[in-house]
Amino acid sequence: MAFNVLTTTASDLQNLLVQNKLTSVQIVQSYFTQIDRHEPFLNALISLAPRSKVLAIAAALDAERQTSGPRSPFHGIPIVLKDSFVTASESLGMSTTAGSRAFIGSVTSKNGAITQRLLDAGLIILGKGNMTEFAGMKMTMMMPGWSAHGGQTLSSYVGKMEENEKLLGHSAPGGSSTGSAVSVAAGFAPLAMGTETIGSIVTPSTRAGLYALKPTVGIQDTTGLYCMTEFFDSPGPMAKSAADVRVLTEILLGRSFDLPVETDTWERIEVGFLDPRVWKMGEDFCTQFEGTAEQMVDEYEETVSILRHKGCPLRYPISLEDTSALKGILAIAYWDFKNICIPRFINSFDDCLISSVADIVRYNNENSETALPVPFTEQNDLESAMNSTETKQDIDKVKYDLRRTARQILDGAFDEQQVKLIAAPGDSPLCIHAAAAGYPIATVPIGQLRYNNRPFGLCIVAKANDEETLLRFMSAYEKVAKPRPVPIL
């Protein structure tokens, strides 16, 4: 039975598997066909699992389904992982490099904790998504979705980027988890995993018309996962539907969520919407063309009106203190990267030629033609991290003050407005507040720019460990919103 890889969700596929209308082998073959057709242009995958291994895994899962039943609701469903998730080199046949050529050839016999959790649930890893090198911890103005190892990922909606495009311009795919987001939108897999420091899931998922979630910081085992920071980072799912995000989140967190099916869908979902005229992308990051800013405001407000009409208890507009009070972000990033995250990443490997940030900087200098190619010839962020001299005591104080400030700002708005969620345009700095507070943040699609078909959406933040309210909102939203945009490839 044929299915549309651009629109079929993981939940749709699971239903077809249960009805014996498809096999996982057939599903995998369909996605490989789509990858063959469009990956050479989009460049979303930094490495692809060997097909013989993938087909053998799919066949084994098909047999297991018939003999002992599915391991989880996503048994036999394909997924793409960002190249920050460590995968066993021999058994899965893919490298893990965080986009850096310095880690090419590093070998490990073990999967990361989240990788193994997904495998234990019966998911099939098709490949690794390209990513901004080290999630951006290399060069300050490096284009999101570019790495020295993987090149530049392109939007499946826009295609070629405009000449001299700004960092988060309308033709840029946006965010370090770009390869994962583009893979789902382009029909390479129904599901993907990304990671977010500040905006790395939010931005690429809204620009790919996806539902996505960054769970509360610190609630998942990140052993065997490249993170830029321990303080801000959290891995999370991307998908074409709210239901898919819920199921994958349940697998990741090892818990189930009580979501209504039909009636009282807006129960316990009070939302405060920020003003899109205030909460927007700065001109330094994204040039607005004729009608683009106006369209995003109009459709944002149209969405608010639809939700209000459909019974969503909301307040609009609400106010929130801007990001100027959130200080110390870069100092934390440099310190965590150098002293916690790179050492942990290196320790994931059995064999690795890199032992420190200084080794990475040295490798890039010695191999500048491939590791520092034009136009991304600098590594100023790596050098700043390498040269950071703050003590752990100093950074712990910065972390404490930043988290306290961010939570005071958000909690004050939650309490004053009597809401459980705060929403803003996906192209807004709300993800900075969420990251600083360690709070979960989700995305839902709104529409596409008439200018160039680039999707845009909402980001929504909740208090710590309240993923359930975010998932409730996403589920209710999907029932009343316009269908997510589908790319024309």
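Tutor: Let's begin where a helix stops: Gly311 follows H9 and has a positive phi, near 105°. Helices (H or I, at least four residues) and strands (E, at least two) are DSSP runs, numbered from the N terminus. One caution: this is a predicted model, so local features need pLDDT of at least 70 and side-chain atom pairs 80 or more, while totals for chains, interfaces and linings use all residues. Residues are numbered from 1 along each chain as its sequence is written, and side-chain values use heavy atoms, leaving out hydrogens and water.

Student: How many residues does H9 have, and how far does it reach?

Tutor: H9 covers residues 292–309, which is 18 residues, and spans 26 Å from first C-alpha to last. That is close to the 26 Å expected at 1.5 Å a residue (1.5 Å times one less than the number of residues).

Student: Which residues of H9 are buried?

Tutor: Here's the general idea: an α-helix has 3.6 residues a turn, so residues three or four places apart point the same way. "Buried" means under 20% relative accessible area, exposed over 50%, and partly exposed in between (1.4 Å probe, protein chains only). In H9 the buried ones are Thr292, Gln295, Met296, Val297, Glu299, Tyr300, Thr303, Val304 and Leu307. They pack against strands E9 (271–274), E10, E11, E12 and E13, plus helix H16 (467–480).

Student: Can we zoom in on the middle?

Tutor: With E6, E8 pairs in the antiparallel sense over six bridges, and Thr195 stands opposite Pro235 in E8. E7 and E8 are also antiparallel, joined by two bridges, and Ala212 faces Met238 in E8. E7 (211–214) then pairs antiparallel with E12 (441–448) over three bridges, where Leu213 stands opposite Ala442.

Student: Which residues touch the most others in the largest nonpolar core?

Tutor: In soluble globular proteins, nonpolar side chains tend to be buried together. A nonpolar core is a set of buried Ala, Val, Leu, Ile, Met, Phe, Trp, Tyr and Cys residues joined through side-chain atoms within 4.5 Å. The largest has 96 residues, with Leu118, Leu248 and Phe473 touching the most other members. Helix H8 (242–253) gives this core its largest share, seven residues. Leaving aside neighbours within four places in sequence, the contacts of Leu248 include Phe74, Ile79, Leu118, Leu123 and Pro237. Another core, of 28 residues, lies apart from it, with Phe232, Val419, Cys431 and Ala436 among its members.

Student: And what are the domains?

Tutor: Domain bounds come from an automatic or database assignment. That assignment gives domain 1 (10–253), domain 2 (271–326 + 401–479) and domain 3 (329–394). The centres of domains 2 and 3, taken over C-alpha atoms, are 33 Å apart.

Definitions and conventions:
Pairing = 2+ DSSP bridges. Contact = heavy atoms within 4.5 Å.
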